[in-house]
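Hi,

Here is the structure I promised to pass on. Have a look at it first, and then read on for what turned up.

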Amino acid sequence: DIHFCTYEEAKDCKADSDMIRKIRESIADTDLLCCFLTSGTTGEPKCVMKSHHNIVSMVKEFTEQFDFSSNDVFGCQTAFDFDVSNKSVFISLYLGAQVYIIPKELFIFPGKLVTDFNRRKVYVLIWSVSALTLLARVRIMKNAKFLYVKKIMFSGESIAYETIRYWKENLGETLFVNLYGPTEMTGNALYYEVKSIDENKVI
């Protein structure tokens with residue numbers, strides 16, 4: 001019995017300021033905002049609940065640490081039930097920035113991805129390592145480079161030397177950051193800025 005609202009319906013709907021105020025007044029920061037799926041280190045699927053406070057704290061910390069702004073365009077490639085997506089989505093909402101939900105077919109046929117990103121001026125990628133690895137393997141920048149991507153953050157597993165070398169060779173002026181933290185942390189506990197790489201050292 002749930003009514004699904006299309007984007008067109010939502011943007012043409014007038015906001016009820018009085019209702020919004022009442023909802024805001026009734027919400028505590030410890031109330032549930034959303035859930036993310038993970039198997040974590042156990043391999044057993046589970047749902048991790050996030051409160052408003054969890055998400056707002058993560059967003060504020062990320063924005064401060066990495067100097068995001070309302071002018072940034074975030075390229076989101078992960079499913080909404082996976083916690084990597086929460087950074088792009090919620091940081092964009094917090095700042096009034098843009099988030100571009102990348103169509104899956106651009107990873108199946110990645111030839112158009114560079115053109116698409118350049119047209120949309122995608123600036124920030126907060127991605128899984130597997131997505132960066134896939135694009136490095138197909139040599140995504142053999143014909144054209146990403147012109148606007150200046151911040152790339154990745155997590156989920158260690159990144160192969162060949163993958164990070166490919167990205168750094170093609171986007172030398174870009175900030176590369178390895179993030180770490182379990183889904184239960186609502187974001188990340190640690191980060192490492194990748195300034196130099198060595199094939200004998202794991203990132």
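A definition to begin with: two rings of Phe, Tyr or Trp (for Trp, its six-membered ring) count as a pair if their centres lie within 6.5 Å. Please keep in mind that this is a predicted model.

By that rule there are 9 aromatic pairs. Tyr100, Phe107, Phe117, Trp127, Phe146 and Trp167 make up one aromatic cluster.

Two of the pairs share Phe117. With Tyr100, Phe117 forms an edge-to-face pair, at 6.5 Å centre to centre and 75° between the planes. That pair links distant parts of the chain, since Tyr100 sits in strand β4 (residues 98-101) and Phe117 in helix α6, 17 residues apart. With Trp127, the ring centres are 6.2 Å apart and the planes are at 75°, so this pair is edge-to-face. Trp127 belongs to strand β5 and Phe117 to helix α6, so the pair ties together parts that are 10 residues apart in sequence. Tyr100 and Phe117 are both buried, and so is Trp127.

Now to the nonpolar cores. The largest has 30 residues, and those touching the most other members are Phe117, Trp127, Phe146, Ile152, Phe154 and Trp167. Elements giving two or more residues to this core include α6 (113-120), β5 (124-128) and α8 (161-170). Helix α7 provides the largest share, 5 residues. A second, separate core has 18 residues, among them Phe62, Phe68, Phe74 and Ala97.

Finally, which residues is Phe146 in contact with, leaving aside neighbours within four places in sequence? They are Leu113, Val114, Phe117, Asn118, Ile140, Met141, Trp167 and Leu171.

Best wishes

Note on methods. Residues numbered from 1 in each chain as written. Predicted model: local features only at pLDDT ≥ 70, side-chain atom pairs only at ≥ 80, totals over all residues. Heavy atoms only, no water. Core = buried A, V, L, I, M, F, W, Y, C linked by side-chain atoms within 4.5 Å. Buried < 20%, exposed > 50% of the residue type's maximum accessible area, 1.4 Å probe, protein only. Helix = DSSP H or I, 4+ residues; strand = E, 2+ residues; numbered from the N terminus. Contact = heavy atoms within 4.5 Å. Phe/Tyr/Trp six-rings, centres within 6.5 Å; stacked < 30°, edge-to-face > 60°.
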